[in-house]
Amino acid sequence: MDNQQKTPKKKRGFNLWWKVGVVALFAGLVGGGIAYGVGYLIDNGYATSSSTAVPKGSNKSGGTKVNENKVTGSTQSTKAFKSVKAAVVSVVNLQAQSSSTGSLGIYGTTDSSSSSSSSSSSSLEASSEGSGVIYKKDGNTAYIVTNNHVVSGSSALEVILSNGKKLSATIVGTDSTTDLAVIKINSSDVTTIASFGNSNQIEAGQDVLAIGSPLGSEYATSVTKGIISAKKRTVQVQDNSGNTTANASVIQTDAAINPGNSGGPLVNMAGQVIGINSMKLSSDDDGTSVEGMGFSIPSNEVVSVINQLVKNGKITRPALGIELVSLDNVSAAQQKSILKLPTSVNKGIVVMKILSPSSAGNAGLQKYDVITEMDGTKITSEATLKDVLYKHKVGDSVSVKYYRDGQLKSATIKLSESTALLSSDSSSE
């Protein structure tokens, strides 16, 4: 989780799948002191009668002083923050911007006829910003985990360390399904790497910190504190068209997560990374404003994915070898005339194309078959299909039930390696 102008306004790296509202910061200035007659004070907008005696001699010294801070030493929060803050970075997504120069026409536009005096060029501009955390140092290379949507579409990447130093970064591998990516930088300036804690051992109510660059690198290494609101929460993943493509199991927290925090760590009080911040809910389907609902990818899943990305540069997942569309996107008339479905069937996945090669095709499935069950689980959407499918490995066999011309059939499919997304209207599995 864009229109490009010659001088684009920076977008803050954040999840492109969820409805994420733009977060505005409001600063209120209330109060001042105005005396009317004797003994009235306006403090923070409240008028009160003043009857406090003035200490003797206070007129000479001003009557107040700075006292010794009664809160001394480091708390668990400050210790945790200090232990990991130098490993948290800003990630800047740079994209090419085209520009042209030449002689100006009478209306101030470039005169295309003066080809000898005009030229075009492209430059890299900051398109969006997010966060990341350095988790591994190997020789001259340091590895950073961030969100896939933070680096997506980039022509180049820039990493800003916690000390402000800027470094070029390159992509090691990305995975849009989990919204994770690994990038690498030169390790010569890296002083701290973060460690991962076991996300299966967290509990609701535990204190956590969210660290990152909310609203961009000008607020780099900002820290907010909250609790784990839910250890495991299932949220829907949506594509750019608003279609639900998967279900994600995430950690819910009330620590403030804002645009730009994407890819930054969720940290426990021992300074361990237990999640990678990826999204927030800013409003519900009715438009009601929502506060304190942020979500992080659990560290156990993060570690599994990034290890594969470093090793292979990609994630290998099983596939059916079909191009599909949700039955929800098929009109009732077409469900009856083309798919010939019984009226009792209103959920499932429609096979729109048999790919080549295709494990589903090898098992006898055809175009316009409607898959309604896999491994005993009802398939109600593309998300539920992926939930079942991704529990398996390439080479596993799965049982499916499907409708063809109104008749319920069954098959066993030996899973092949996943194929890439083919179009914006349908996806391949």
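Student: Is Tyr-135 buried or exposed?
Tutor: The model is predicted, so that local features need pLDDT of at least 70 and side-chain atom pairs count only at pLDDT 80 or more, while totals for chains, interfaces and linings use all residues. Residues are numbered from 1 along each chain as its sequence is written, and side-chain values use heavy atoms, with hydrogens and water left out. Buried means under 20% relative accessible area, exposed over 50%, and partly exposed in between, with a 1.4 Å probe and protein chains only. Because its relative accessibility is 11%, Tyr-135 counts as buried.

Student: Which residue forms an aromatic pair with Tyr-135?
Tutor: Rings of Phe, Tyr and Trp (its six-membered ring) pair if their centres lie within 6.5 Å; planes under 30 degrees apart count as stacked, over 60 as edge-to-face and the rest as tilted. Here the centres are 5.9 Å apart with 55° between the planes, a tilted pair. The partner of Tyr-135 is Phe-196.

Student: How many residues apart in sequence are the parts that this pair ties together?
Tutor: Helices (H or I, at least four residues) and strands (E, at least two) are DSSP runs, numbered from the N terminus. Tyr-135 belongs to strand E5 (residues 119-138), whereas Phe-196 is in the loop between strand E9 (180-186) and strand E10 (207-212). The separation is therefore 61 residues.

Student: What is the phi of Tyr-368?
Tutor: Most residues other than glycine have a negative phi. Tyr-368 lies in the loop between H6 and strand E19 (370-374). Although Tyr-368 is not a glycine, its phi is positive, about 75°.

Student: Over the ring of which residue does the charged end of Arg-317 sit?
Tutor: A charge sits over a ring if NZ of Lys or CZ of Arg is within 6 Å of the ring centre and within 35 degrees of the ring normal. For Arg-317 the distance to the ring centre is 5.3 Å. The ring is that of Tyr-390.

Student: How far from the ring centre of Tyr-143 is Lys-136?
Tutor: Lys-136 lies over the face of Tyr-143. The distance from the ring centre is 5.1 Å.
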